[in-house]
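Q: I'm new to looking at protein models. Could you walk me through reading a couple of features?

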Amino acid sequence: LEAPPGSLSSAGPLSQGVSMLCRMSSRWRLPPPESLTWQGVLQGHYFDTGWTGGRVEPRYHLLTSQDPISGAEEVWLTVALNSRFDGHGRQAHGRPHCSAVFALDVSGSMDSPFHRDSAGPTKLEAAKAAVARVFARLRPEDSAAVLTFASTVMVEASAMRPGGAEGAAEHLQAAVEALGVRPGTCFLTGFEAACGLALEGRKAPRAPLVPWSSGIHARLLPASRRGAIFLLLALHRGLGLPSPCAALVLGFLEVRELAACGAGADHAACPEAIPETRIFFMTDGCVPSNTRMAETLLASIEHAATDHSIMTTIVGVDVDFDINFIYQLSRVRGASCFSVHNLTEFMQLLAEDLDYRVCPVAYDVRISVQEPPELLQDRPVPVYGSPEILVVEPQRGDALCQVQSLFPSPAGARGQTRGNLMLCRLPEAPCGGKVRLLASYLPPGGGPRMEILGEAALGGAADPASLKGIALVRYVNMVRGYLGDMRAVPPNPRLSLATGVRHPPRSEVMADSSKAIREIERREALLAKAYADMFRVVRLHLAETQAQLQELGEVDADLSRSCGKLHELERGCMDLVEMYASTV
């Protein structure tokens, strides 16, 4: 059963365009529950969360929603972390100049095709095509370098600016086109070499001087435009220079890089003036968590970020990373990861979305409850949508959720942002039907923590983004509950009419593996019968939500693929029940 981006995976936890078999009789052939993530599913949809002119501005909605299985009334708080850099705002307001190192795994396994596209290009060919496309999208002020690693490490192209010395762009393209596979794989050596190359990249030759023009003027931040106008007036009217000479002087001063000139070079006021150095580390190798290799790699990534301001993006090529590894990586400043499973995803997520991946808009974003103070009281609060909120535990004090590195979100044709939503299921309705919240964050350029007060109240108009997000969270909870139970094989399903579509219990294998095969099969059949009924109810819930979204005029109202997954799971469960009955 093919799964869309953000759905089920048979290869690992990060759910980005992967697949699984639903109709099977053995629990050992089912993927682990962690192969389906809330963030991954939400990233597969667009949400209308509004617009803001601020660096970060949360948008809250407080609403009630009936659990489709238990019928209980639940209270949900949805949080959209909007930014002026979302969507077209990234181009309108600019991004930092980027010094990028592309570290490619060229081990033998990269010479094989993607497992769902055997007739398509190999993984290495797809990586080469995506990196070549990135070079075409880099700005003249950006620099790039290429490094490959297998059993040895090779610098294929030292740091250079495509818009710098003559032939630099062609040299980068030729270096990528010539890449081939080599035996062996060494993650750690490859990453350490990439860090050294990244430091060298900061010294890459600058782009050639370009006379001032209206095109360059339009690309600058507002503060830069004001500074440029002031300098032109001073040179032209104050010193009497002809306009062409004044424009050439501005090019010599490289005003394109003085993005904060109108703000007194205050980096806290204009962090987009600060260049970013980032490693794009691409591999088809699995990095299992809680191993020495994973611990060493994570330590190296954190050291590069804290000591050298080198950020890291890990790209899984036809592989999904261990969920615990994602959790640990997300807590490193500026770090991120994503997986690709075909050429189209590679081109979209690496090349087309490049401007959204090179620099966070804020760090250490926190959402806390101010009133009523007793709302949380150390009670479990499931929070979905952030990679850091993976294990639901009682919240301490007023803290609700935290995002270490907030990246801008790509947008659809009509301005809806992709996956820009977090959802919290509150333990009860707040007293008075209203909750006051405090959002705070650290700007990328340093400076004091910024704080924004906001509130949300019950009883407002239906919010399509919240309705869609809640339905998708329930879809993930339902499937993860099933996968967990089919691994543990408890006597009774841990999700039921009494519990509703609650947060699924922690995944575990069956405690007593010595039970007779017949008893295991009997339990599997009971679980399959119970989940078949629940899959049908949740599927109808998603279909009703889709109809409601269409009535509200939602652009991305199609939930049919998630409904289709539930239908296939329902049929697979019934097949298992019939198979067991035929052998009794």
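This is a predicted model: local features need pLDDT of at least 70, side-chain atom pairs count only at pLDDT 80 or more; totals for chains, interfaces and linings use all residues.

Q: Is R449 buried, exposed or partly exposed?

A: Look at the relative accessible area: buried is under 20% and exposed is over 50%. R449 has 28%, so it counts as partly exposed.

Q: Which residues is R449 in contact with, leaving aside its neighbours within four places in sequence?

A: The list for R449 is D364, R366, S440, Y441 and L442. Two of these also pair up with R449 through side chains: there's a polar contact with the side chain of D364 at 2.4 Å, and another with the side chain of S440 at 2.9 Å. Also, V365 sits 84 residues away along the chain, yet its C-alpha atom is 9.6 Å from that of R449.

Q: Now the helices. At what angle do α3 and α11 pack?

A: Compare the directions of the two axes. Helix α3 (residues 123-137) and helix α11 (residues 343-352) pack at about 30°, and their axes are 9 Å apart. Angles under 35 degrees count as roughly parallel, so α3 and α11 are roughly parallel to each other. Their crossing is right-handed.

Q: Which residues in α3 and α11 meet?

A: From α3, they include A126, A130 and V134, and from α11, L343, F346 and L350 are among them. By class, this contact has 11 nonpolar, no polar and four charged residues.

Definitions and conventions. Residues are numbered from 1 along each chain as its sequence is written. Side-chain values use heavy atoms; hydrogens and water are left out. Buried means under 20% relative accessible area, exposed over 50%, partly exposed in between (1.4 Å probe, protein chains only). Contact means heavy atoms within 4.5 Å. A polar contact is a pair of N or O atoms within 3.5 Å; within protein, one must be able to donate a hydrogen and the other to accept it, and residues adjacent in sequence count only if both atoms are side-chain atoms. Axes are lines fitted to C-alpha atoms, for helices over the stretch in contact, and angles run from 0 to 180 degrees between N-to-C directions. Helices (H or I, at least four residues) and strands (E, at least two) are DSSP runs, numbered from the N terminus. Angles under 35 degrees count as roughly parallel, over 145 as roughly antiparallel, 65 to 115 as roughly perpendicular and the rest as oblique. A crossing is left-handed if the near helix is turned anticlockwise from the far one by less than a right angle, and right-handed if clockwise. Ala, Val, Leu, Ile, Met, Phe, Trp, Tyr, Cys and Pro count as nonpolar, Asp, Glu, Lys and Arg as charged, and the others, Gly among them, as polar.
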